[in-house]
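Here's a quick briefing to read with the model open beside you.

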Amino acid sequence: MTYKIVTERLRLRNWRESDLPVWATMNADPEVREHLGRLLNRDEAAASMTAFQDDLDGNGFGFWAVEVHTTGEFIGFTGLDRVDEGMPFHGVEIGWRLARAAWGHGYATEAARAVLAYGFDTVELPEILAVTARTNLRSQAVMRRIGMTTDPTDDFDDPEPDSPELRPQVLYRKRRDQRD
């Protein structure tokens, strides 16, 4: 199936083989992966693209590739994913990852707002979660900008972090009835 969400400046779409060079470069970039753990090689990046598209096809939601309307440039992903088993909570979480060149333009916030609307209106989720390392202040700022809130009692330690500094995690939430 073809899935597409369009915002003022962005297109969230299915993955293409042509996305792989940028996606692989992003996942080999220590700054992009700073709060995510180890770097990925090209084969691992390709496998993640395939898994993301499989989720979109199988669930009707997942992580979409993000491109800029005016240029058609692939800049990363945003979307929804079921929370991994073994976490101290359940549900569906929102996430994003952008190439460094796309940071600071408001793209993550714009794409995340569109994904929240899709999750609430199309998937009819009662709540959407967001999780990140306590040290990831940029992502936490996006979470606040899209109206998510956090309760320190929900914070937790990642049971399998790639490094000790990634162990402390924060959990943000937004319920459908808290929409803007």
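Glu8 is exposed, because its relative accessible area is 75%, and exposed here means over 50% relative accessible area, buried under 20%, and partly exposed in between (1.4 Å probe, protein chains only). This is a predicted model, in which local features need pLDDT of at least 70, side-chain atom pairs count only at pLDDT 80 or more, and totals for chains, interfaces and linings use all residues. Residues are numbered from 1 along each chain as its sequence is written, and side-chain values use heavy atoms, with hydrogens and water left out.

**Around Glu8**

- Glu8 sits in the loop between β1 (4–6) and β2; helices (H or I, at least four residues) and strands (E, at least two) are DSSP runs, numbered from the N terminus.
- Not counting residues up to four places away in sequence, Glu8 touches His69 and Glu110, where contact means heavy atoms within 4.5 Å.
- Glu8 and Val68 are 60 residues apart in sequence, and their C-alpha atoms are 9.6 Å apart in space.

**Helix α3**

- Is α3 enclosed or open? Twelve of its 15 residues are buried, so α3 is largely enclosed by the rest of the structure.
- The buried residues of α3 include Glu110, which is also one of the residues that Glu8 touches.
- Also on the buried list for α3 are Tyr107, Tyr118 and Phe120, among others.
- Helix α3 covers residues 107–121, and at 1.5 Å a residue it should span 21 Å; its end C-alpha atoms are 21 Å apart, which agrees. The expected span is 1.5 Å times one less than the number of residues in the helix.

- Glu124 is found in the loop between α3 and β6 (127–133).
- Glu124 counts as exposed because its relative accessibility is 52%.
- Take a look at the backbone here: Glu124 has a positive phi of about 60 degrees although it is not a glycine.

- You'll find Asp19 in the loop between β2 (10–13) and α1 (20–27).
- Asp19 counts as buried, because its relative accessibility is 2%.
- What does the side chain of Asp19 pair with? A polar contact of 2.8 Å joins it to the side chain of Arg13. A polar contact is a pair of N or O atoms within 3.5 Å; within protein, one must be able to donate a hydrogen and the other to accept it, and residues adjacent in sequence count only if both atoms are side-chain atoms.
- Leaving out residues up to four places away in sequence, Asp19 touches Arg13, Asn14, Met49, Ala65 and Phe74.

**How α1 meets α2**

- Helix α2 covers residues 42–59, and α1 packs against it at an angle of about 115 degrees, with the axes 9 Å apart. Axes are lines fitted to C-alpha atoms, for helices over the stretch in contact, and angles run from 0 to 180 degrees between N-to-C directions.
- On the α1 side, Leu20, Pro21, Trp23, Ala24 and Asn27 meet Arg42, Ala45, Ala46, Ser48, Met49 and Phe52 in α2.
- By class, that contact has eight nonpolar, two polar and one charged residues. Ala, Val, Leu, Ile, Met, Phe, Trp, Tyr, Cys and Pro count as nonpolar, Asp, Glu, Lys and Arg as charged, and the others, Gly among them, as polar.
- Val22 and Ala133 are 111 residues apart in sequence and 24 Å apart in space, C-alpha to C-alpha.
- Pro30 is in the loop between α1 and α2, and counts as exposed because its relative accessibility is 55%.

- Gln169 is in strand β9 (residues 168–175), and counts as buried because its relative accessibility is 8%.
- The side chain of Gln169 reaches the backbone oxygen of Leu166 at 2.7 Å.
- Leaving aside neighbours within four places in sequence, the contacts of Gln169 include Val131, Thr132, Ala133 and Arg134.
- Asp162 is in the loop between β8 (156–157) and β9.
- Which residues does Asp162 touch, not counting those up to four places away in sequence? They are Leu36, Gly37 and Arg38.
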